[in-house]
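Have the structure open and follow along.

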Amino acid sequence: MDLDPDPVDEAFRAEVRAGLASILPGQPLPSVNTEEGFAAHREFERKLADARLAVVSWPERYGGRDAPLSQWLVFEEEYYRAGGPVRVGQNGLFLLAPTLFAHGSEEQLDRILPPMATAEQVWAQAWSEPGAGSDLAAIRSSAVSTEEGWLLSGQKTWSSRAAFADRAFGLFRSDPAAERHRGLTYLMFDLRAPGVTVRPIAQLDGEPGFAEIFLDEVFVPDADVIGEPGAGWKVAMSTASHERGLSLRSPGRFMAATDRLVRLWQSGSDRPREGRQAHGERIAPEAPQANRAIAGREAIGDRVADAWIAARAYQLHTHGTVASLADGGTLGAESSLGKVFWSELDVSLCETALDLLGPHAELADRYWADSYLFALAGPIYAGTNEIQRSVIAERLLGLPR
Amino acid sequence: MDLDPDPVDEAFRAEVRAGLASILPGQPLPSVNTEEGFAAHREFERKLADARLAVVSWPERYGGRDAPLSQWLVFEEEYYRAGGPVRVGQNGLFLLAPTLFAHGSEEQLDRILPPMATAEQVWAQAWSEPGAGSDLAAIRSSAVSTEEGWLLSGQKTWSSRAAFADRAFGLFRSDPAAERHRGLTYLMFDLRAPGVTVRPIAQLDGEPGFAEIFLDEVFVPDADVIGEPGAGWKVAMSTASHERGLSLRSPGRFMAATDRLVRLWQSGSDRPREGRQAHGERIAPEAPQANRAIAGREAIGDRVADAWIAARAYQLHTHGTVASLADGGTLGAESSLGKVFWSELDVSLCETALDLLGPHAELADRYWADSYLFALAGPIYAGTNEIQRSVIAERLLGLPR
Amino acid sequence: MRFTLTEEQRQFGAAIHELLTDADVPGAARSWADGDHGPGLAIWRALAKAGVTALVVPESAGGLGASPVDLVVACEELGHHPVPGPLAESIAALPVLLADLASTEVLAALASGDLIGTLAVPPVLPYALDADAAGLVVLAERGAVSMSPSGIGLRSIDPARRLFALRTGQELAANAGDQVRAALYQGTLASAALLLGAGRGLLEACAEHAKTREQFGRPVGAFQAVKHQLANVLIGLEFARPLVYAAAIALGTDEPTAARDLSAARVACADAARLAARTALQVHGAIGYTRECDISLWLAKVRALSSTWGSQAEHRAVVLAALTEPRTGPWS
Amino acid sequence: MRFTLTEEQRQFGAAIHELLTDADVPGAARSWADGDHGPGLAIWRALAKAGVTALVVPESAGGLGASPVDLVVACEELGHHPVPGPLAESIAALPVLLADLASTEVLAALASGDLIGTLAVPPVLPYALDADAAGLVVLAERGAVSMSPSGIGLRSIDPARRLFALRTGQELAANAGDQVRAALYQGTLASAALLLGAGRGLLEACAEHAKTREQFGRPVGAFQAVKHQLANVLIGLEFARPLVYAAAIALGTDEPTAARDLSAARVACADAARLAARTALQVHGAIGYTRECDISLWLAKVRALSSTWGSQAEHRAVVLAALTEPRTGPWS
């Protein structure tokens with residue numbers, strides 16, 4: 001049992017660091033939730049793909065490097081350390097792609113992955129419906145089988161990235177007689193197809209980070225069904241585990257944020273240390289004097305320590321998961337542990353930073369205010385933490401349903 | 001709206017203070033959960049009754065002073081401030097007596113209250129059963145009606161004080177065909193009657209603070225039924241509200257404990273300030289240097305402040321309740337708010353003190369270690385805090401059952 | 001001792017509640033966020049008619065000279081609904097600050113609601129709230145009080161708040177440290193009551209949502225996890241409220257414990273409101289994360305307000321200091 | 001990097017678990033509390049046979065010279081069951097403290113389990129645990145190490161712990177500050193793993209109770225409030241464990257971050273164990289408040305252990321200091 005960095009991983013780290021340094025924008029990109037910002041993020045993803053850094057863990061033929069999980073974590077650490085922009089393609093990269101690798105056909109992989117890697121096609125997720133949030137099995141949007149394929153109708157909501165994305169994926173009820181988890185089919189569709197109406201929804205920060213999608217007999221060919229028709233729930237659950245677990249929140253994000261929190265605590269500024277330039281962030285770091293006026297800040301020190309301890313625990317836990325997966329283990333209900341842990345850690349470290357900033361905390365468009373609003377969504381999406389806790393109790397502790 | 005002390009109440013306070021000073025023992029009494037200690041506490045109660053301080057809010061004819069609620073709070077403040085001993089008669093004084101005032105007959109009041117006030121008769125409660133804890137309505141112990149009275153059979157448990165008390169009260173199923181809340185009768189019985197077996201149970205601190213009571217056709221006359229036979233649930237609930245609310249945990253207790261916590265934080269000792277002698281406590285105060293060695297204690301300051309704020313909030317909230325009761329209000333589900341609040345406050349302030357004491361915290365037979373063990377029971381008894389939260393949500397917020 | 005509101009005070013609170021229930025406060029708050037102060041100012045006028053803006057202004061200057069308890073009654077409702085604008089500044093802090101420094105006309109205009117004021121007191125209050133909606137913008141710095149030309153507006157995470165860093169302007173007083181501190185105390189009291197009200201608004205919205213929103217075939221409010229979270233919110237609010245009234249009494253009678261009581265009230269109200277906000281988001285789920293949902297009107301406001309008029313750390317430090325070294329206060 | 005136990009280490013842990021499952025540890029802990037060390041000492045002998053007491057003793061002195069990771073594997077099980085006696089002292093701290101100070105015979109006796117040791121290191125560790133059951137009682141104070149006559153026993157809130165304040169005795173070394181610190185680190189690591197194991201024992205007892213105890217016509221484990229509380233306990237334990245292993249690795253390879261990692265692990269393990277204890281009591285209800293119930297064996301132990309080998313406040317301060325001023329450690 002050791003924590004010694006693997007020389008090959010470290011060589012990879014150096015390459016990632018150099019690669020990122022050469023392509024990261026000198027200025028923060030405009031918000032991904034504006035048309036201009038979306039385009040800028042898409043353009044950045046293309047550069048990332050050109051540097052073969054977009055999807056390091058994918059097979060080479062789809063634009064990846066066949067990198068092991070450990071190197072994917074290295075990439076993530078470096079990406080957050082350098083302050084890289086939000087990954088505009090994250091729904092595709094971290095939710096749809098793992099599903100395709102598990103359940104997609106060769107033809108689907110070949111057709112869908114390459115333009116996903118380059119962000120030529122950006123994907124939105126279309127899970128929830130007005131009546132199906134935590135209770136995802138209550139889905140009512142329908143997929144009616146026709147001779148040529150399927151006709152999708154109904155309403156999806158809380159679709160992240162849908163305001164500007166190209167395509168979307170989600171579950172539809174293909175057997176109207178079946179109930180709940182049965183009779184659902186996993187389908188992909190074009191957000192610009194006839195019959196699709198997208199209505200952006202303003203998030204807490206005022207930006208259309210997600211949208212409603214209205215579908216009125218939207219045609220989808222059979223080729224865009226993933227897995228067997230009617231088996232959509234099973235297919236989707238493999239994605240859900242990824243969404244909760246490793247892929248959506250790699251430890252690099254929290255180590256970078258905690259590093260910043262420690263600097264804020266220590267010096268009253270969270271500007272990067274000399275020699276490290278924060279790239280691609282939308283937001284200027286806090287002013288050096290910002291927290292100097294906060295009386296009683298000493299008492300916040302414990303929370304800074306706790307944030308670091310939790311981030312480090314999450315990182316180490318992930319190292320353990322990587323080792324277990326390398327030994328042939330699988331990621332099941334355990335991913336619910338991580339989901340609750342990282343989402344609460346995220347909120348708590350942002351709150352600690354805001355408390356350190358005192359009356360400056362409420363200024364919008366700053367790193368911590370933005371991070372806080374973003375973090376608030378964590379305990380809700382990808383299955384609320386209440387749902388996760390029930391999963392943990394029932395599947396890991398064996399408590400009765 | 002004001003917080004001005006009432007001159008009459010303050011005159012009463014002076015009298016209480018003087019009265020307590022003259023009767024409080026110079027040395028801590030032995031534990032109430034030993035035979036010797038029980039007797040010593042009973043003896044102290046007699047002195048308290050002689051000074052007409054045992055039951056200040058009761059009518060004079062039963063040994064009280066007809067004091068208003070505000071003066072009862074003054075009494076409690078002074079009692080805890082002076083470090084008075086545990087009230088050995090508390091089950092009778094704070095649970096049974098309010099029930100008798102509400103539902104008892106004149107004959108019962110005359111017969112039961114005077115010896116209760118002098119602790120000539122000490123009462124145990126007999127609510128729970130092995131199968132009926134949180135779910136009190138699952139009571140199975142039976143009361144069978146006979147020509148002369150009732151025969152009680154079954155098993156009660158977690159009966160506080162039962163190891164040494166004289167009598168007990170509780171609910172029994174008098175109608176075997178009725179279910180849950182129906183068909184229960186509120187009865188009093190003699191713990192030394194034929195057919196009663198008491199088995200003391202060792203608490204966490206090793207002392208028999210409660211006991212199991214086995215009943216085998218124990219005879220009880222009709223005169224010892226409170227309220228109507230079969231209406232026991234309704235009768236008991238009025239007591240339950242008292243148990244949760246004001247009477248069992250008056251704010252004086254927490255203000256005194258918080259005062260002590262502040263001294264511990266400030267000086268490393270919680271010895272009483274000059275001029276105040278702690279009477280009747282079993283436990284010596286902590287040594288003056290005890291917390292000096294604890295590095296990082298600064299960070300505990302916030303928790304000390306929070307403890308004081310919470311204790312003060314509880315005190316003020318109680319003043320509000322007193323005013324509302326004086327205006328003809330009643331104490332209903334609101335008492336559940338207080339139950340959760342004081343029980344969590346109690347644990348949290350003890351934990352803060354123990355953390356300040358560092359490696360000395362675990363020494364047994366000290367004020368804070370004892371208080372902590374005692375406080376741990378708070379979130380459990382008188383209806384677990386989970387039960388209380390459900391009551392709050394359903395009755396005060398109107399959420400569906 | 002009678003620690004309960006008078007019947008008159010209850011009626012005053014109920015009247016404000018009714019007034020604001022009839023007005024479209026959520027709509028006015030959204031317009032305010034979009035830069036249209038019209039509907040919000042109409043609500044301010046209605047509140048002025050009800051006496052809210054005159055509460056703290058001395059009777060000699062056309063005000064009501066009411067007690068801080070009355071201010072708390074009003075502010076809980078203003079937070080409860082939630083009214084946009086520089087409330088703590090205009091109706092609480094400025095009337096105290098300017099009582100001896102400004103002309104009777106200015107005070108009378110504040111009382112009548114014809115004049116809305118705001119202020120900054122760096123470093124405690126580095127920005128003046130909504131200076132673009134105010135006719136009177138005051139800067140108090142190192143004891144000096146001046147009328148300020150309003151500067152550039154900065155966005156807050158609460159879209160209905162705009163923040164302005166001020167420059168010194170026409171001086172009103174050079175050495176007004178005591179008045180500045182008194183103004184900060186009064187504003188802090190108002191902020192505590194506003195937070196308490198916001199927490200109540202959030203809790204009521206949650207209870208309503210939990211009764212009607214169904215998942216897994218039953219109202220979400222039937223789930224124990226939701227019940228217990230909302231019960232904790234109610235407990236937080238119910239035990240914070242008496243602290244605010246006690247602080248108001250202490251401030252009104254100039255008790256030596258006033259600073260301690262005020263900080264205790266602010267800590268408890270802000271904690272209770274924060275818990276209400278976190279819980280509201282969790283109980284609502286994704287819908288709560290949108291501007292369309294009314295709870296968004298409170299969510300960011302709670303975060304913003306709970307770090308102004310002193311931070312939680314600052315107020316806890318005041319309580320601790322007062323307990324161990326009596327007779328110290330914040331900003332003294 | 002391979003951050004996972006070897007198959008050998010897993011088997012070692014499983015073997016100890018099996019050994020302790022077959023032994024009546026709860027009975028031995030109760031006897032220990034009653035002053036009868038017999039059954040507990042029998043378990044210690046069985047553990048010695050399995051190699052537990054020899055882990056930290058150098059090979060040159062008849063020990064196994066095992067890595068701190070192995071120590072963690074063992075201690076998690078010792079806490080899990082929960083074995084009485086001066087575990088962190090005798091199997092972790094003393095072998096490190098005495099490696100250069102004591103004779104090979106003494107070390108070999110510690111390794112074989114023939115000798116049980118305990119120590120006090122005021123002010124961090126003011127009392128020697130269970131000196132009445134130990135053949136070797138050591139006092140380390142201001143760098144000086146001496147064999148001590150054991151003093152008067154004091155009761156702990158954990159009835160299976162007896163505490164002894166020591167007096168200086170026959171001196172072993174006058175200037176052994178480095179060894180004392182190293183011993184404290186090793187003992188702290190063991191205490192973290194013991195706490196982790198205790199948390200696991202509590203959680204398992206809770207899950208078992210929640211599946212079988214019925215109230216309101218169903219198992220209490222079917223209630224969401226119980227489920228969610230126990231889920232939080234599992235989360236706390238699962239994310240504390242990797243911190244302990246990381247600390248063990250850092251200590252074993254003498255990393256400059258060892259002090260930080262150790263304190264981080266102790267903070268997380270003690271917090272997780274405390275949460276487990278509080279939750280266990282709540283889930284069990286009144287039965288959990290009795291000596292008869294096995295959870296009582298862990299409840300007070302968690303409270304006691306989490307304030308020895310450094311308090312939570314102390315360890316958090318170490319982490320914070322290490323993050324802001326690298327290269328500082330506790331007790332340096």
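## The sheet in chain C

In this predicted model, chain C has an open sheet of four strands in the order E1-E3-E4-E7, and the pairing is mixed. The edges are E1 and strand E7 (171-173) of chain C, each of which pairs on one side only. Ignore direction, and neighbouring strands of this sheet are turned by 30° against each other on average.

Strands in a sheet pair through backbone hydrogen bonds, and they can do so parallel or antiparallel. E1(C) and strand E3 (residues 136-141) of chain C run parallel, joined by four bridges. If you want one pair to click on, take Thr118(C), whose bridge partner in E3(C) is Val137(C). Helix H5 (residues 87-98) of chain C packs on the sheet, where it touches E1, E3 and strand E4 (144-147) of chain C. The direction of H5 makes about 70° with that of E1(C).

## Two spots elsewhere in chain C

Have a look at Ala165(C), in the loop between strand E6 (162-164) and E7 of chain C. Is Ala165(C) buried or partly exposed? Ala165(C) has 17 C-beta neighbours inside 10 Å, so it counts as partly exposed. Leaving out neighbours within four places in sequence, Ala165(C) is in contact with Pro126(C), Tyr127(C) and Gly151(C). Leu154(C) is eleven residues away from Ala165(C) along the chain, and the C-alpha atoms of the two are separated by 8.2 Å.

Glu18(C) sits in helix H1 (residues 7-22) of chain C. Glu18(C) counts as exposed because it has 12 C-beta neighbours inside 10 Å, and the cut-off for exposed is 12 or fewer. Glu18(C) and Glu77(C) are 59 residues apart along the chain, with 9.6 Å between their C-alpha atoms.

Most peptide bonds are trans, and most residues other than glycine have a negative phi. Here are some spots that go the other way.

Start with the prolines. A cis peptide bond joins Pro122(C) and Pro123(C), with omega about 0°. Pro123(C) lies in the loop between strand E1 (117-120) and strand E2 (128-129) of chain C. In chain D, the peptide bond from Pro122(D) to Pro123(D) is cis, with omega near 5°. You'll find Pro123(D) in the loop between strand E1 (117-120) and strand E2 (128-129) of chain D.

Then there are the positive phi values. Ala382(B) has phi near 55°, although it isn't a glycine. Its loop runs between helix H10 (367-376) and helix H11 (385-396) of chain B. Ala382(B) has 26 C-beta neighbours inside 10 Å, so it counts as buried. Trp309(D) also has a positive phi, near 55°, and is found in the loop between helix H10 (295-305) and H11 of chain D. Trp309(D) is buried because 31 other C-beta atoms lie within 10 Å.

## A helix pair in chain B

Two packed helices can be described by the angle and the distance between their axes. For helix H3 (residues 69-81) and helix H7 (residues 251-267) of chain B, the axes come within 7 Å and cross at roughly 30°. H3(B) passes H7(B) in a right-handed crossing.

Who makes the contact? On the H3(B) side, look for Leu73(B), Glu76(B), Glu77(B), Tyr79(B), Tyr80(B) and Arg81(B). H7(B) answers with Pro251(B), Gly252(B), Arg253(B), Met255(B) and Ala256(B). These contact residues divide into six nonpolar, one polar and four charged.

## Where chain D meets chain A

Between these two chains, 36 residues of chain D are in contact with 38 residues of chain A. On chain D, helix H7 (177-212), helix H8 (224-252), helix H9 (258-284) and helix H11 (312-324) each supply at least two residues of the side that touches chain A. Which helix gives the most to that side? That's H8(D), with 15 residues. The chain D side divides into 25 nonpolar, six polar and five charged residues.

The mean pLDDT of chain A is 90, and 90% of its residues reach 70 or more. Over residues 272-293 of chain A, though, the pLDDT is below 50. That stretch has 57 contacts in the model beyond near neighbours in sequence.

Terms used: Residues are numbered from 1 along each chain as its sequence is written. Chains are lettered from A and ligands numbered from 1 in the order in which they are written. This is a predicted model: local features need pLDDT of at least 70, side-chain atom pairs count only at pLDDT 80 or more; totals for chains, interfaces and linings use all residues. pLDDT is the predictor's confidence in each residue, from 0 to 100. Two residues are in contact if their C-beta atoms, placed from the backbone, lie within 7 Å. Ala, Val, Leu, Ile, Met, Phe, Trp, Tyr, Cys and Pro count as nonpolar, Asp, Glu, Lys and Arg as charged, and the others, Gly among them, as polar. A residue is buried if 20 or more other C-beta atoms lie within 10 Å of its own, exposed if 12 or fewer, and partly exposed in between; C-beta atoms are placed from the backbone. Two strands pair if DSSP finds at least two bridges between them. Axes are lines fitted to C-alpha atoms, for helices over the stretch in contact, and angles run from 0 to 180 degrees between N-to-C directions. A crossing is left-handed if the near helix is turned anticlockwise from the far one by less than a right angle, and right-handed if clockwise.
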